[in-house]
Each structure stands twice: as structure tokens, then as C-alpha cells.
Amino acid sequence: MKRYLIRRIITTIPTLFAVSILVFSMAHLVPGDPVKIMLGTHASAERVERVREQLGLNDPILVQYARFFTKAVKGDFGRSIRSGREVFDEIMARFPSTLELTVFGLLLAILVGIVAGTLSATAKNPRTDLIIMLGAMISVSVPGFWFGLILILLFSIQWPLFPIAGSGGFAFLVLPALTLGLSASAIIARVTRASILEVLRQNYIQAAKARGLSKVMVIYKHALRNALIPVITIVGLQFGGLLSGAFIIEFLFARPGIGMLAVNALKQRDFPVIQGVVLFAAVAYVLVNLIVDIINAIIDPRIEYK
Amino acid sequence: MLKRLLKKNSIVFGGSVLVFLVLVAMFAPWITSYNPLDVKVDNRLKAPSSEHLFGTDQLGRDVFSRVVFGSRISLRVGFISLLISLLLGSFLGIIAGYFGKRIDNIIMAVNDVLLAFPGLLLAIAIVGILGPGINNVMIAVGIGGVPDYIRVVRNQTLSIKNLDYVQAAIAMGAGRIRILLRHILPNIIAPIIILAAMGFAGAILASAALSFIGLGAQPPTPEWGAMLSIGRSNIREAWWLATFPGIAITITVLAINILGDGLRDTLDPRLKGTY
């Protein structure tokens with residue numbers, strides 16, 4: 001177990017390193033002069049030169065990368081070209097809002113997904129299974145942001161139960177979290193269903209049934225526990241999808257998270273902010289995957305031997 | 001084979017809807033009676049009626065015409081993004097799987113790094129490099145889909161290249177290109193088709209999402225995601241603006257997903273019922 005964990009942790013280091021190289025290269029892959037693109041065509045040559053100096057773009061590329069890396073490790077992502085504020089501070093001020101949305105959306109998705117998947121796999125009536133799976137198929141086909149618009153039309157305008165946009169208390173979180181969790185809940189439901197059906201075929205389930213255990217006991221005590229291992233993996237993968245999906249949902253509900261920060265920076269081509277947010281989100285995703293793998297290894301000791 | 005495919009209801013249903021949508025896109029000018037770009041300010045935000053089936057938008061443009069013409073853009077953007085992921089991903093995947101060793105290590109290392117950018121984040125980062133615009137969104141969504149193809153095609157190639165018939169071809173002196181194109185590619189085409197169907201739906205959703213947040217199609221282009229963005233700004237006054245383009249996206253994506261599910265069950269029965 002210990003060896004697996006250490007090996008798994010060590011393998012994330014080159015990934016994080018490569019992610020930092022890729023994010024660093026972003027500004028250098030831009031077709032044309034990034035400083036002129038950032039400042040617009042009307043900027044004076046002096047201003048262009050000053051910003052170029054400020055960003056250190058006149059130094060050799062390796063020097064630039066070394067500086068980018070050492071600063072990023074310390075949480076220094078540079079300053080926004082537009083607002084002049086520290087990018088890291090901007091991200092930290094907004095990240096709690098994004099995290100709250102992502103976690104709440106994921107919790108809703110897990111709850112709905114596991115319940116629907118279990119019902120679907122164990123339903124006596126094949127019609128129940130069909131309806132749930134059809135619902136899952138529709139849920140992955142509906143664009144999340146459109147589902148959000150429909151929720152606003154219904155529950156903020158037609159029946160004003162929840163605020164239309166903004167952030168604050170719990171009421172502001174309900175519609176965005178539902179919107180964000182929709183497609184993840186469908187994916188979790190499908191994986192749960194497939195996994196339970198697979199587990200129900202195993203010998204130990206037959207043995208439990210033969211011992212005369214009730215259906216509920218067989219499903220919850222024996223099947224679900226073993227079926228949840230692939231579900232945990234998919235939940236971990238969904239976290240990343242939800243984190244980037246939050247970018248769209250924050251725009252829709254005008255929530256001041258890092259997605260909103262990134263979208264505005266992308267439109268204004270504010271490279272330090274774009275790089276900061278992309279690096280931050282990618283690192284968060286890599287770390288969440290690491291945690292998911294560790295949890296999986298603890299739950300299922302067989303993973304080590306694979 | 002075709003007989004087997006046509007026996008499957010989901011393939012016939014999903015395929016028919018998709019063909020219908022392609023026809024709508026092709027014959028858009030004959031279906032609509034208004035120009036999707038015609039601004040008539042005194043006709044703004046009119047509710048759906050017999051004159052304007054889906055109402056009018058904030059500039060008095062006919063929403064039905066814009067939704068119909070929007071099918072051209074969404075299908076094209078989805079298709080080109082799909083082609084980029086499919087060609088680039090399959091090429092890299094087959095090379096990694098067949099040649100192995102150092103080439104495999106390099107391609108898979110790059111792939112691992114790309115996979116560290118979840119969901120839309122890779123596409124968002126690429127739009128960050130190239131700048132907003134519908135063409136850049138196609139490239140961004142296309143590259144964002146590459147890692148899936150690399151992984152699947154590589155694994156398939158790895159498992160096939162050691163089979164007897166490939167070894168026999170090598171023993172008979174067949175060249176590498178011939179082996180890749182004649183012996184390996186035809187046998188990994190089924191998983192590629194399944195992945196492509198799912199990828200097409202995903203590409204349409206991703207590009208609509210990027211247009212929705214203002215990074216894709218720019219005004220006055222009638223693109224479904226961008227139209228929903230206008231719907232969001234006028235949501236208190238005009239429910240129809242936030243409704244019809246979304247129905248269009250959902251029907252398109254649903255048809256492709258149903259088709260993809262059918263193809264998966266028929267072409268690869270082992271995967272039936274799994275995700």
C-alpha cells in the first residue's frame with residue numbers, strides 16, 4: 001500500500017511540471033506579438049516596450065520559464081494587465097465561490113446519480129429502467145447552460161422562488177448547482193447501473209441470496225459497496241469537468257468565481273490572468289485525481305496488485 | 001453489416017433525425033421566409049405568432065430563420081472539430097501503438113499532460129492563445145478532443161499488432177504503411193466510429209458553450225449558443241429567445257447520442273449497456 005501511494009504521488013510531479021511548461025508556453029504560442037495583442041493596436045511603442053520589460057519578455061526563454069516556475073510555486077502569478085492587481089489574490093478572492101458551486105453541484109450529482117443508477121439496475125419493472133436511462137440520455141444531451149436558462153425562466157421569473165443571478169446565501173446556489181450537476185448525475189447514474197449489474201452477477205452475491213438474505217440487504221450490504229469503486233473513479237473525473245463547467249455556469253448566473261474572471265480575461269486577452277486561472281485549475285484537477293486514486297487504493301486493496 | 005445496422009431502431013431513429021437536420025441546414029433559405037440577419041427595430045421582441053413562428057429578437061430579427069440557419073453553423077463547427085480530433089488523435093494513436101518504445105513514450109507523455117486539463121479547460125486555454133472567434137473555437141474544441149482518440153486507438157493498435165495475421169503480413173514482407181492501412185486500421189475502425197459519434201455530440205455542445213460565453217461566434221452570426229446568450233440578456237421580456245435555440249441543440253445532440261449508442265451496441269456488443 002505504502003509503495004503504491006509513494007509511486008502514485010511521485011508520478012504527479014512530472015505531470016505538474018509539464019503542465020507548468022504548457023501554461024508558460026501559452027503566451028509564446030500566440031500568433032503575433034502578445035504584448036501588442038494585449039494592449040491593442042493603438043498602444044504607443046513606449047508602452048509596449050514598458051509592458052514587455054515588465055513581463056520579462058526580453059530575457060532568454062529559459063530564464064523566463066525559470067522565473068515563471070519559481071514564482072508560480074510561491075503563488076506569484078504576476079499582475080493583471082488590465083487591473084494591475086496580483087493574479088493570485090484575484091484567484092484566491094474568487095475561488096471559494098467556484099469551489100462552493102463545484103462541490104455542491106457534485107454532491108447533488110452523486111446523490112441523484114447513485115439513487116437513479118441503483119433504482120435502474122435493480123428495478124423489477126423494465127419500464128422503470130428504460131425511463132431512468134432515457135432520462136440519463138436526455139440529461140447528457142441538454143446543454144447545461146440552456147438547462148440553467150430554463151430553470152431561471154421557471155423558478156426565478158414564472159415562480160420567483162430563487163434569485164435570478166448573483167451570489168450570497170444558499171438560495172443563490174440552488175439553481176447554479178442543479179445546472180452544473182445535471183450531466184454529471186446522468187453519467188454517474190449510468191456507471192452505477194452498469195457496475196451494479198456487473199456485481200450482481202458475481203458468485204458472492206449468489207451466495208448471499210442463497211443464504212436467504214433479503215433483496216435490500218443483498219443490494220445495500222453486498223452489491224452497492226463493491227459497485228461503488230468504479231463510481232468513485234468517475235466522480236473524481238467528473239470533478240474536473242464540473243470545475244471547467246463552472247466557468248460557463250458562473251457566466252450564466254453572474255457569479256463572481258474564477259470562471260467569470262477567466263472569461264473576462266479571455267475577452268480582454270489579459271494573459272497573466274488567463275495563465276494563472278488555467279494553471280490553478282489544472283493543478284487542482286491533478287491533485288483531486290491523486291486524492292481519488294488514494295481513496296480508491298484504501299477502499300480496494302486489490303488496486304495495488306494491478 | 002448494413003443490414004445489421006439498419007435492424008437497430010436507435011440507429012435508424014438517430015440517423016434519420018440527423019439526416020433531417022442536415023437537410024434543414026442545406027435547404028435553409030427555402031424553409032425560411034425571412035433573412036436571419038435582417039434588422040427591423042420596430043419589430044423587436046415580438047412573441048411567437050403565425051407571422052414569426054419563434055418570435056423576434058432584440059433587433060427584430062426572425063428567430064425561426066436564425067435557428068434554421070444556425071443549424072448550418074453548429075453542424076459545420078461540430079463536424080470540423082470532430083475531424084480535427086479524429087484525424088490528429090487516430091494518427092498519433094496508431095503511430096504510438098504500432099511503433100511503441102520511444103515514440104509511444106513521447107506521445108503518451110504529451111497525452112498525459114493534455115489530460116491534466118479537464119473538460120473545457122483545454123479548449124478555453126487554446127482560445128486564450130488564439131483569441132476568440134468561431135474558427136479558433138473549432139481548432140480549440142478539436143484539439144481538446146485529441147487525447148481520447150490517442151488513448152483508444154493506441155490501445156486497440158497495441159492489442160492487434162501482435163495477432164497472427166499481422167505477424168503473417170510482416171513475415172510476408174509487407175511494408176509498414178501497408179500494414180497500418182490495410183491490416184490494422186480496418187480492424188480498429190469500430191471503436192473509432194463509436195468514439196466519433198460521441199465526440200460529434202460533445203463538440204457541438206462545447207462549441208455552443210464557448211459561443212454562449214462570447215468566445216465563439218460573434219454577432220450577428222446566427223449560432224445557437226450565441227443566440228442563447230442574447231436570450232439570457234433578455235430573459236425577463238422574451239422567454240422564446242432563451243428557449244428555441246436550446247431545443248435545437250438538444251434535439252441535435254440527442255439524435256447523435258442515440259445514433260452513437262446504437263452503433264456501439266451493434267459494432268461492439270461487448271460494450272452494450274456500459275458507458
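P36(B) sits in the loop between α3 (28-31) and α4 of chain B. Helices here are DSSP runs of H or I with at least four residues, strands are runs of E with at least two, and both are numbered from the N terminus. This is a predicted model, in which local features need pLDDT of at least 70, side-chain atom pairs count only at pLDDT 80 or more, and totals for chains, interfaces and linings use all residues. Residues are numbered from 1 along each chain as its sequence is written, while chains are lettered from A and ligands numbered from 1 in the order in which they are written.

Is P36(B) buried or exposed? P36(B) is buried, with 22 other C-beta atoms within 10 Å. A residue counts as buried if 20 or more other C-beta atoms lie within 10 Å of its own, as exposed if 12 or fewer do, and as partly exposed in between, with C-beta atoms placed from the backbone. Leaving aside neighbours within four places in sequence, P36(B) is in contact with R61(B), D62(B), S65(B), R66(B), F69(B) and P222(B). Contact means that the C-beta atoms of two residues, placed from the backbone, lie within 7 Å. M172(B) is 136 residues from P36(B) in sequence and 61 Å from it in space, C-alpha to C-alpha.

## Chain B

Chain B has 12 helices and zero strands. Its C-alpha atoms fill a box of roughly 75 × 45 × 30 Å along the principal axes. Of its 275 residues, 47% are buried. Take the contacts in chain B with a separation of 6 or more: 69% of them join residues 24 or more positions apart.

One helix of this chain is α11(B). Nine of its 10 residues are buried, so α11(B) is largely enclosed by the rest of the structure. Among the buried ones are W224(B), M227(B), L228(B), I230(B) and R232(B). What do the buried residues of α11(B) pack against? They pack against α7 (144-158) and α10 (215-252) of chain A, together with α4 (63-99), α10 and α12 of chain B.

## Where the chains touch

The contact takes 40 residues from chain B and 44 residues from chain A. On the side of chain B that touches chain A, α5 (101-115), α6 (121-130), α10 (189-212), α11 (224-233) and α12 (244-267) of chain B each supply at least two residues. α12(B) gives the most, with seven residues.

That side of chain B divides into 27 nonpolar residues, 10 polar and three charged. In this count Ala, Val, Leu, Ile, Met, Phe, Trp, Tyr, Cys and Pro are nonpolar, Asp, Glu, Lys and Arg are charged, and the others, Gly among them, are polar.

## Chain A

Chain A also has its own tally: 12 helices and zero strands. Along its principal axes, the C-alpha trace spans about 85 × 55 × 30 Å. Buried residues make up 40% of the 306 residues in chain A. Residues 24 or more positions apart provide 75% of the contacts in chain A with a separation of 6 or more.

The domain assignment of chain A gives domain 1 (16-73) and domain 2 (94-268). Such bounds come from an automatic or database domain assignment. The C-alpha centres of the two domains lie 39 Å apart.

## The nonpolar core

The largest nonpolar core has 152 residues. A nonpolar core is a set of buried Ala, Val, Leu, Ile, Met, Phe, Trp, Tyr and Cys residues joined through C-beta atoms within 7 Å. Which residues have the most contacts inside it? They are A262(A), V277(A), A282(A), A123(B) and A209(B). Domain 1 (16-73) and domain 2 (94-268) of chain A both give residues to this core, so it lies between them.

Not counting residues up to four places away in sequence, A282(A) touches V19(A), A116(B), F117(B) and L121(B).

## S120(A)

S120(A) is found in helix α5 (residues 87-122) of chain A. S120(A) is buried, with 23 other C-beta atoms within 10 Å. Residues up to four places away aside, S120(A) touches D129(A), I132(A), M133(A), A189(A) and R193(A). T192(A) lies 72 residues from S120(A) in sequence and 9.1 Å from it in space, C-alpha to C-alpha.

## Confidence in chain A

The mean pLDDT of chain A is 87, and 98% of its residues reach 70 or more. pLDDT is the predictor's confidence in each residue, from 0 to 100. Within chain A, confidence is lowest in helix α2 (residues 34-39), at a mean of 78, and highest in α7(A), at 95.
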